[in-house]
Every structure is written in C-alpha cells, then in structure tokens.
Amino acid sequence: MSVRQIQFVIDEAPPPRLDKALARDVPVEAALSRTRLARLIDEGGVLVDGVVQSNAKARVAAGAQITIQVQQAQDSHILPEDIALDVIHEDSDLIVVNKPAGMVVHPAPGTPSGTLVNALLSHCGADLSGVGGLKRPGIVHRIDKDTSGLLVVAKSDAAHHGLAAQFQAHTVERYYNCLVYGAPDANDPRLRGVKGARFEAGNILKLTTQLARHKTDRQRQAVLFQGGRHAVTRARSLERFGTPPVLTLMECWLETGRTHQIRVHMAHAGHALVGDPTYGGKRKLPAKSLPETALEAVKCFNRQALHAAVLGFEHPVTGEHLRFEAPLPQDMAQLLNTLRGQ
C-alpha cells in the first residue's frame, strides 16, 4: 500500500497540544482536518523529529520537524449500488446532485442500503480519491429523507476540508421552497407575540432560537432559548392560496443549518409545513377556503412539502463561485398547480 508523506516545520509559539499544533501548521494543500490528524497520531502516522509520537496531547516545540504518513485510501465497507442519480454538476473534486424525496443520505441501522452514499459509490467509482482515509463520498451536509433537492458531496479530502469549512462558517447559500399552513405576515398580532420571531424589511420573517433534541422524543427537535445550538431561519411569502389565505408558498434561507431547522422553526411560528408528519400535526382546512380538489390534494400530500432549491458556494479547490438551482419536484409542482386551479 502506497504512503504519502507530508513534511513541515512547527512555527513559532505553537499551541500546547500536538494535535492543535499540527492543525495550525499543516500545509493547507494537505487537506487534513484536526479530526483526521488526531486519528493519524493515534495510528502512529506522525513523526516528530524522526520519532513516532502517538500522544495527541504531547507538547511540541517550535522548529520541530514533522513528518505525517498518510496511507492510500482504503475501500469503504459500504457497498456501491447502481441507483440512478440526477447529477447537476460533477468534477474531479465534488459532485452536486438533486436528491429525490424518499432517499436517505447515509446508511444507518434502519436503512443499510438504497442510500445516496451507496449510489455515489457506484457512480463515482475510481474517481473517489479518498475522504478521511477511505474511498467514500464526503458528506458535508444532509437533507431529510423526505425532503428533495440539492446536495454537494466531496470526492476528495481537499474538497471535503474546504466545503466543511464553508458550512461551518455559514457562508454557503441555501434556499428552500416550502408550502406552509396559514399566511405569515408582519401585521399578524399573533405572530408578533411568538418568542424568537420578528419581521425585517420586505415582510421577511426572521426566526432566531436555540435547537436541541426533544427531551422525550429523540426523533424530534425542540425550540429552546437556553442551551442547544443557535439557529436562524429567514422566510418570505411567494404565493398565497385560499380565501382567506390558508396556505402559503414560502422561500426560506438558512443562516445556520441544524437538523429539521426549517420544519421546526416554521412549526414554532404556527405555520407548519404541509405533509410534515413530525411537526405538522393534524391540520384541517376550512371547507370553503379552497376548491374540493385542492383540499383533497393537500390532505393526500404524504411528505413534508420542502425542497432544497438553490445551493451556492466557493469551489474548495479552484475558488470559483458556483451556484445551482433545482426546479420543484413533480409532486410539489402538481400540488401547487392544483391549488392554482390548473
């Protein structure tokens, strides 16, 4: 098995721990995250002045000669599966796909196969140069099983490192379309009283809370105002349906990217997504608010009406700004056409 060697010198005033010092001084082009460096230390792949150092907490002096030995990427234990993909963009470092609703992103105990990762292993094949020491696609963000839309996936360590940094810095552009109950409006006194909700210029609803796993239902997220993780969602109305308006097509964009963020935030605001089995509750629209065919279409929509429509970021290797759009999937487009009477 071939080994790639990375050599460099520790700069002045290094951090007190070896793993932190390596993370600070390792060449950017090596594309090694602190997590990966810690693993390499543990595996005996880091030499300090020619001596293997397997203690991540060890001190290292300025001027120390570092050699990192990175073995050729090994095959993943996840099996490739020949599953059709809607590829929006692909190059040697990354791939952007339009994920259909119903597809899980990564294998888990309940879904060991049929996932996006299984499909990517088959599609990319030998093009995967390795992420974290394995020939596997680098998942830097996810969308829920029953949410459709755009995902970017790394094919190389360099791309994985660069994309992860952009998501962590919240610089990635992400816009979603969703259909919600009600009609969010700055003039609604009820909404003005919802904690964490306020309106910005242009009737843009801003939701700012903390999010964490629900105390009793581990499959859900809960809104908090102490503890948890900071979460910010903005949303604006695109189109309203019904007399008076009982449904609204929204455009939402994320400042942060937490699990179920749009779904739980819109439900917190009293405007849950149509079809959402977790946060939507049992909503029944007034009988005369929409034509009977439209009411039936809403009732029968069997997933959260949420689509990741726009994805923009800097290419982690070339620096080029990339921006992609994916049209609404057939089920959401058909539902909206029914609401429009088409």
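Trp 253 is buried, at 17% relative accessibility (buried means under 20% relative accessible area, exposed over 50% and partly exposed in between, with a 1.4 Å probe and protein chains only). The model is predicted: local features need pLDDT of at least 70, side-chain atom pairs count only at pLDDT 80 or more, and totals for chains, interfaces and linings use all residues. Residues are numbered from 1 along each chain as its sequence is written, and side-chain values use heavy atoms, with hydrogens and water left out.

The chain holds 8 helices and 18 strands. These are DSSP runs numbered from the N terminus, with helices (H or I) of at least four residues and strands (E) of at least two. The C-alpha trace spans about 80 × 45 × 40 Å along its principal axes. The chain has 342 residues, and 47% of them are buried. Contacts are heavy atoms within 4.5 Å. Of the contacts in the chain with a separation of 6 or more, 64% join residues 24 or more positions apart.

The chain carries 39 positive and 34 negative charges, and their mean positions are 10 Å apart. Lys and Arg count as positive and Asp and Glu as negative, while His and the chain ends are not counted. Each charge is placed at NZ of Lys, CZ of Arg, CG of Asp or CD of Glu.

Aromatic rings were examined next. Rings of Phe, Tyr and Trp (its six-membered ring) pair if their centres lie within 6.5 Å; planes under 30 degrees apart count as stacked, over 60 as edge-to-face and the rest as tilted. The count is 2 aromatic pairs. Tyr 175 and Trp 253 have ring centres 5.4 Å apart and planes at 35°, so this pair is tilted. Tyr 175 belongs to strand β11 (residues 173-181) and Trp 253 to strand β16 (residues 247-254), so the pair ties together parts 78 residues apart in sequence. Tyr 175 is partly exposed, at 22% relative accessibility.

Phe 313 and Phe 324 also form a tilted pair, because their ring centres are 6.2 Å apart and their planes at 40°. Phe 313 lies in strand β17 (residues 306-314) and Phe 324 in strand β18 (residues 321-325), so the parts tied together are 11 residues apart in sequence. Phe 313 is buried at 1% relative accessibility. Phe 324 is buried at 12%.

A charge also meets a ring. Lys 195 lies over the face of Phe 225, 4.5 Å from the ring centre (the rule asks for NZ of Lys or CZ of Arg within 6 Å of the ring centre and within 35 degrees of the ring normal).
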